[in-house]
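Here is a short report on one protein chain. Read it with the structure in view.

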Amino acid sequence: MMLEREAELAELSALAERARYGRGAVAVVEGPPGIGRTTVLDHLAQTPGMRVLRAQGSLPEREFGLGLVRQLLEPVLATADAGERARLLAGSADLALRALDPRAVTPEADFAALHGLFWLLANLAEREPVLLLVDDVEWADRASLGWLAYLARRLRGLAVLVVLCRRGGAFRDDPAFVAARTLSLRPLTETAVRDIVTDRLGETTESFADACHRATGGNPQMLDRLLESLARHGATEVEAVAWYASRALSDVIRYRLAELPPRCVEMARTLAITGDAPEMDSAEARQAAHLLAESGLTTGGAAPRFAHEFTAETVLAGMSADEVEKAHADAAKLLYDKDSEAEKIAEHLLETAPGHEVWRVTVLAQAARTALSREDAVKAGELLCRALKEHPADPRDLLGMLAATTPWFDARQVADTLAEVAAGIDPHQDPELYAQAYAVLAQAVSHGGRPVEAHEILERAAIRVRDRDCALVLTAQRLALATANLATWNPRAGWETVPAGDTPGERALLAIRAFLSAARGDIGEGVRLANLTLGKGVASDYTIFPAANAAAAALLYCDQVPEAIRVLEGLPRGLPRAVLLTDAYLRRGELAKAAALAESMLELAPTPLLRRNDPLLIAGLVDAYVLCGECDRAERALARYPTYDGDHGWNRARFLLSQGKLRIAGGRIAEGTAALLEAGRRMVAWGWDNPAMGNWRSLAAPGIHALGDHARARALAREELEITRASGLRRSLGVSLRVAGSITPGAAGLKLAREAVDLLEGLDLAHALIDLGTAEHMAGAASRARTALRQGAELAERCGAGPLARRGHTELRRAGGRPRGGYLTGARALTASERRVALLAEQGHTNRQIAGRLQVAVRTVEIHLTSVYRKLGITARTDLATALR
């Protein structure tokens, strides 16, 4: 009987009906165990005209990456014919195969798999509405929860209703779920319990039914178990209810097990440990399975499962700790002999003591690789730490993978494990392994919030290791680590000689020296060392700042922007690369590209970001939003990074620069200027006073000027101008000239502004032209002013810098000019990104499909289309074909 669930079923049915017409939604059905969540799903699954995808979380499988997603989507492809399969995997959806194929293991840390899974579901929903039902979602694996959150934020426009059943409590504080429609199933009332008791046991007294309600609290499953027990024993007295109710759960299970032969108990324990159906390879096994099913403990059939979710817990509670560990060890060996998936075997190994067997290390390492390929660095870290405790003969690969997990996994646990491993390595017999172990150990200690201790670890290790190249690797690591904390920074350390770059250690030191040379303003040396490093060839390594990234950063901070972009675009995806590439795109005026890259790392990541790169990536996103005129979004991005004591590195200074620009853009000039000056104070204290790295003087000078201190503003501008002239930084010199010209009156200011125009390009040039046009107008040269302003506004518009373009329009009108029609409207006004989006829309692609094709957020597509419609003077997609010609 299905009583007192009519309102919830009606609301879910209404949501399903709206989903048919593209109004996708997420609903959460919550309640304690036995309250009837699964029964609600059973009824909902009967909804006609919708494709039902169903999965259930389970404790034994909760640590298998994307296991729940596989339950949902693997059958979709398995049952599709060739034509349907091709349609489902069209576009970005083919990336889903790497997630659905358990053999697919890739080292790259990207989000392509999640992206592909989303588009596989989107393609399915185009043909028929989808009802996606997940039971016991609280037991879902981490990666599947990440994908469900990813999907929940993108349901608008999809014919998909997602219904998640859970026991209740906090739901990972994910806004995608918090905002969902939540239906809380309530216990049955006394009236409903009376009806059920009468239906199951026949006519009874009202007091008997009320006793059943009190004993079970109106929990449908508990009531069912109680009535089952009462009916079996023919008990109809009120006094019997409490006694049977107290034993209706675990006591019944233990009692039934006790009545069964030992082989049944053994099978129940195996099922509780593995979660899999036991082998039916003998008549004895088949008979035991039959008896378990007959007793109501399992479902029976060829693949029996426990009939009730609490059965496994009760069975395990009856086993000693030694028995549980032995059962896990036996299960792991059995699965290994059957060539089962490494992740499945590893889950059992994690429950055992180290066995110091080679096959265990092999399994744990393979499971870690699979976890990394599915973006589950936390699980990978747990597996790798466990593998290292098996004392492998050669832990190099394990250490290399562990280095990739330290930003996300429990840094203290990694450090404790590595300390034990490193202490057992002889620096004389195997210096390379010794250096690798201590480099990764220092990285973990640093991420754990102990940078000074990490610095000391590297310093001691470099002294102990006799191999010169290994000592250089550790020295490079120490220099890179020192950039995060002023307490460990020594600007004179490591500069005695310049290595040739013929060995990995020499290249690592060359790269970090290139970066530090650029940071302290030695531009020629920075470029030389960076090119020398890259010319020797670099590969991915286990250091905290890989050599290729360090060399690219040196080029970027030496105003070699195109060269830096070329290097960075050729590197594997990762956080350090994304930080630098976002900055590089901003410098080249590719605002949409920079924002999309930063958003993809910040918003799509299923795991927390590396703290040392958090402020840098957020700063880049804030800068992009400010230049595009989206200060509200910039404020929200800024709020993602809370400051903390001890945050004294370059990262904090860079963050303050963006914070200052945002505050000034929002009209809070005094506050913004103070942030910029604080950033400058920090940079000077470090000796990192390179304007190409952080032009705090030219950023603060206009604010100081606006606050009325003209002399101080001009002094700051002149100071930066002198630095950039002496260093030979072309772009930074142009920016310094532009700022100095904008706050210097008369002919001297005009001269500086004209010189800036000759040096700059892209968005920087647009800014310089608008500043020059404004100055020319004030000097009475209206014709020259209009030419510069028109060119600057047009260039700013092409870069997507709305506030700057609007300022150019305003100044142009003041100078007596009118914006060109072709500039403000028409196909010529579209930026490259807008044109690409418009063409895809004209071809019939939806916003979601365009986002998938371009690998940007749907919000980015919507912003571009809004701008396209405004410039083309249209209101619908059907007008695009004509307007674009």
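Ile723 is in contact (heavy atoms within 4.5 Å) with Asp689, Pro691 and Arg697, leaving aside its neighbours within four places in sequence. The C-alpha atoms of Ile723 and Asn690 are 8.1 Å apart, although 33 residues separate the two along the chain. Ile723 is partly exposed, with a relative accessible area of 25%. Buried means under 20% relative accessible area, exposed over 50%, and partly exposed in between, with a 1.4 Å probe and protein chains only.

This is a predicted model: local features need pLDDT of at least 70, side-chain atom pairs count only at pLDDT 80 or more, and totals for chains, interfaces and linings use all residues. Residues are numbered from 1 along each chain as its sequence is written, and side-chain values use heavy atoms, without hydrogens and water.

Helices are DSSP runs (H or I, at least four residues), numbered from the N terminus.

| Helix | Residues | Detail |
|---|---|---|
| H6 | 112–127 | 14 of 16 residues buried |
| H37 | 710–727 | holds Ile723 |

Now the core. A nonpolar core is a set of buried Ala, Val, Leu, Ile, Met, Phe, Trp, Tyr and Cys residues joined through side-chain atoms within 4.5 Å. The largest one has 113 residues, and Met693 is among those that touch the most other members. Beyond its neighbours within four places in sequence, Met693 is in contact with residues including Phe515, Tyr557 and Trp650.

How values were computed. Helix = DSSP H or I, 4+ residues; strand = E, 2+ residues; numbered from the N terminus. Expected span 1.5 Å × (residues − 1).
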